[in-house]
Amino acid sequence: MIPSANIPPGSIDKKWSNFKSSCELVAPANRRKFRILVVGTGLAGASAASALGEQGYEVLVFTYHDTPRRAHSIAAQGGINAAKNYRNDGDSVFRLFAETLKGGDFRSREANVYRLAEISVQIIDHCVALGVPFARDYGGYLDTRSFGGTRVARTFYARGQTGQQLLLACYSSLLRQVDLGNVKIFPNHEMLDLVVVDNRAVGLIVRNLLNGSIHRIKGDCVILATGGYSNVYYLSTNARKSNASAIVRAFKRGAGFANPCFTQIHPTCIPATSEHQSKLTLMSESLRNDGRVWVPRNQEDKSKDPRLIPEKDRFYYLEQWYPSYGNLTPRDIASRAAKKVCDEGLGVGPMGLGVYLDFADAIKRLGKDTIAERYGNLFEMYQSITGENPWEVPMRIYPGPHYTMGGLWVDYNLMSTVSGLFVIGEANFSDHGANRLGASALMQGLADGFFIIPYSVPHFLATNGKNKISEDSPEFIVAEKAVSERIKRVLSYQGNHAVSEIHRRLGKILWDKCGMSRSHAGLTNALSEVKELAEALPKLIRVIDEGEGLNYALEHALRLEDFVKLGELMILDALERKESCGGHFREEFQSEDGEAARNDEEFAHVSVWFNQNGLRLETEKLTFEYVKPTIRSYK
Amino acid sequence: MKIYLKIWRQKNYSEPGFFEDFCLDEVSSDLSLLEALDLLNERLTRESRRPISFDSDCREGICGTCGFLINGRPHGGFEGLTTCQVYLRKFKNEDTLVLEPFRGGPFRIITDLVVDRSKFDEIITAGGYISASVGQAPEANSILVPKEIAEEAFDAAACIGCGACVAACPNGSAMLFTSAKIYHLNKLPQGRPEAKKRASRMISKMIESGFGACSLHGECETVCPKKISLKVINFALREARR
Ligand SMILES: Cc1cc2nc3c(=O)[nH]c(=O)nc-3n(C[C@H](O)[C@H](O)[C@H](O)COP(=O)(O)OP(=O)(O)OC[C@H]3O[C@@H](n4cnc5c(N)ncnc54)[C@H](O)[C@@H]3O)c2cc1C
Ligand code: FES
């Protein structure tokens, strides 16, 4: 059953301070007696681990990366939101809250989203103190810019490398705690299972990737900060190793999984050009501030040099369809619009799956230097990948899987349905509802890690005390044995394909039928295809046994099995949600002009899946007191 | 196009390594070099042969995971590019590419093209941070940072910790890596209180970790995919001596 969401009492602007002033605390001298296990060193994990280290707990941190500095957060480009209102352009905590709720198409919890907006301001203060070289104006003050889906300039940025600079700040803060002896880091260690006893998380089973050894690790609570699952689609903007295994394993051990079908397709990726492409590269959304999106009006012009197509033959479809937001419409809308024009046969580029993002006007208006200062590294990146020069020819872009709003269900304290299992960052079902606004994932990861966990974890420890299950207990031994056997089983598969080939197959099913647009028929079909694939895996895959050493294919095979399980869950959830909202577009449910048609009567809820005696769906009702659900309009 | 590959194979640190030859026929020049290796690995797996181990993650030049020598040069020596950003169109049809792991200082081979760079974390642990705990920070705009200073600090902060500098250095020194962090933090007003201690601790730690001393040879600067300049080293040495 879904436990209470534990929303504190009081008006929305008082809830968080009410919680902070009434939560239980652990006395400084007792903190060292508690051991906290953190999985993941992205923005969420690194910030949580360092903040808990600062408080004096014993913190053990696990990551499959060779160093905490490489987590996928490093790749975030565009920026991080905060309601500082430094521009005096009408921003406020309430506005950031309301826009995030509306951007998420009213499928998130009011109290959580308000808290996020409230904390956003402190994040910037702390990151500056840690030495993040944010962009500055000539007076030495912090600069901001606007981002898709908003009309105020509240996005702080560090060139096109905001995620890198934020992650490196969290990483150095984490290593400071290592230096002080509070935190211990285990790089090259992958969590392969969660140990749960009487619905309390008591530890982990981890594998040392360098020598294959398997370990039982006990803790008083566990924090999963393991990122999102866009790689279920194989091709996505996520780093190659990003995967869903930690949250799928926790799901198998009893944690509820919320809204698995809420995935975000980002409108501005470099289009795929070949079957063997290994990932999609994102072109930051900030490019839409100055770039204009268009396709030729006439199919005959598709293969022409775009520079020779006269103005009257260009279709600036976003500006025409959504005049008030134009090129800055939210991601889900911009992505579907691109799909629509390409489906009509107007797409450009090798496979007809692309639209132009054109900077010619901006370069004329602002000069090359300004554009280079804003986007220089993105232009270089585009050129190195495509071999085309975006200073001369418009970029080509196409939507691609990017972010997952779904994830493990958590209450206000960020605790899952398993007691003592906290889930933060992209791994939880998050504050973004059915669609995330740009520059708000970094904000959420850091709010969770630096500012919320340091209250909610001590509260849990003070209330529940130490975990008494030892690493030599039967529960740990059984869990370890299951992991070793699973590895043996995977190594014995006698298929004829590399893991990546089969992963690509799964990705294609999901992208075609559970991607940008979904229908009952397509989803039903996808469900049987994924189930078939799940059954056939042992006959399809081959993993070469490399003995005790590093074995990337084995790591990938274990992750693929979990992705297949998750794929099935996404499809089931998409079938059950008989409405269109945010990134979830069901073809049967659209308005007359083809926009998503939400159904608040029946679906204003979080769908939470459980894996106990088969799959079971429960719902958490969402109520809106402060912002009235409206039909989103960006026209 | 057709590409010949000569790849360093070594099962683990204690076994001897050797070069193995491969040929990729009819590959698209739009593939990246790592995608070509993925393709080769799929083939090796089908033939029940041990795939080539090489590490990568972001595949867009920002995480610093990838990296090996291409024809003797870290990341191939292309200006501003990491290994994962090298596309086959950079080469000529029927070219031979020699791929070897980064070697130098305390970097140890794990398997094939993968090396252990964990000593980098040890260097950062020795003061490569600003001591600010959650709750202590003042209002962000109360610390003014002149635009030029913020930009200069950023140029150094762009380091991705790939290890190309070490692999290129005849002394196996990690001075460019170490100094980039010192430069980033010490240039900013927030980093000043710990400036001297940070510089001297980090440089001593680098030597203690088994990296060579710097003789300002300058090879590191030429191979750094983030174009970090040698000036950070002069700055760091000055800061340590203050
Ligand atoms: C290209 C790109 C650009 C983006 N740009 C922006 C932006 O401009 N603004 C914004 O707000 N958001 C942006 N995002 C989204 C944002 O970057 C992510 O949502 C966020 O960084 C996720 O952080 P995280 O800490 O939750 O997880 P991650 O950074 O993904 O970290 C996951 C960590 O968990 C570890 N891990 C996972 N599973 C295991 C396991 N089983 N065992 C051990 N360790 C494990 C990994 O090693 C890693 O350390 C972007 C995303 C992408 C892909
Ligand atoms: S894989 Fe990230 S820099 Fe190459």
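This is a predicted model: local features need pLDDT of at least 70, side-chain atom pairs count only at pLDDT 80 or more; totals for chains, interfaces and linings use all residues.
Colleague: Why is Ile119 of chain A called buried?

Modeller: Buried means under 20% relative accessible area. Ile119(A) has 0%, so the label applies. This residue lies in helix H5 (residues 110-129) of chain A.

Colleague: Which residues does Ile119(A) touch, leaving out those up to four places away in sequence?

Modeller: They are Trp16(A), Ala447(A), Phe451(A) and Ile452(A). Touching here needs heavy atoms within 4.5 Å. As for Phe429(A), its C-alpha is separated from that of Ile119(A) by 19 Å. Those two residues are 310 residues apart along the chain.

Colleague: Why is helix H1 of chain B described as largely enclosed?

Modeller: Count its residues under the 20% cut-off for buried. In H1(B), 12 of the 14 residues are buried, so the rest of the structure largely encloses the helix. Among them are Leu33(B), Glu35(B), Asp38(B), Asn41(B) and Thr45(B).

Colleague: What do those buried residues pack against?

Modeller: Partly against the other chain: helix H14 (499-513) of chain A. Chain B supplies strands E1 (3-9), E2 (18-24), E3 (69-70) and E5 (96-100).

Colleague: How do you know that the span of H1(B) is close to the expected one?

Modeller: The expected span is 1.5 Å times one less than the number of residues. H1(B) covers residues 33-46, with 14 residues. From first C-alpha to last it reaches 20 Å, close to the expected 20 Å. After the helix comes Ser48(B), with a positive phi near 60°.

Colleague: What makes E7 and E9 of chain A edge strands?

Modeller: They belong to an open sheet of 3 strands, ordered E7-E8-E9 in chain A, with antiparallel pairing. Strand E7 (189-197) and strand E9 (214-218) each pair on one side only. On average, neighbouring strands of this sheet are turned by 25° against each other, direction ignored.

Colleague: How do you know that E7(A) and E8(A) pair?

Modeller: Pairing needs at least two bridges. E7(A) and strand E8 (residues 200-208) have 8 bridges, in the antiparallel sense. Val197(A), for instance, stands opposite Arg200(A) in E8(A). Helix H13 (residues 474-492) of chain A lies across E7, E8 and E9, at about 150° to E9(A).

Colleague: What about E11 and E19 of chain A: over how many bridges do they pair?

Modeller: Strand E11 (residues 257-258) and strand E19 (residues 605-611) pair over 2 bridges. At least two are needed. The pair therefore qualifies, as the cut-off is at least two bridges. Ala258(A) stands opposite Val608(A) in E19(A). Helix H7 (residues 245-252) of chain A packs on the sheet, touching E11, E17, E19 and E20. Its direction makes about 75° with that of E19(A). Helix H16 (residues 552-576) of chain A packs on the sheet too, and makes about 140° with E19(A).

Colleague: Where do the domain bounds in chain B fall?

Modeller: The domain assignment gives domain 1 (3-110) and domain 2 (117-241). Their contact takes 20 residues from domain 1 and 21 residues from domain 2. Their centres, taken over C-alpha atoms, are separated by 29 Å.

Key. Residues are numbered from 1 along each chain as its sequence is written. Chains are lettered from A and ligands numbered from 1 in the order in which they are written. Side-chain values use heavy atoms; hydrogens and water are left out. Helices (H or I, at least four residues) and strands (E, at least two) are DSSP runs, numbered from the N terminus. Axes are lines fitted to C-alpha atoms, for helices over the stretch in contact, and angles run from 0 to 180 degrees between N-to-C directions. Buried means under 20% relative accessible area, exposed over 50%, partly exposed in between (1.4 Å probe, protein chains only). Domain bounds come from an automatic or database domain assignment.
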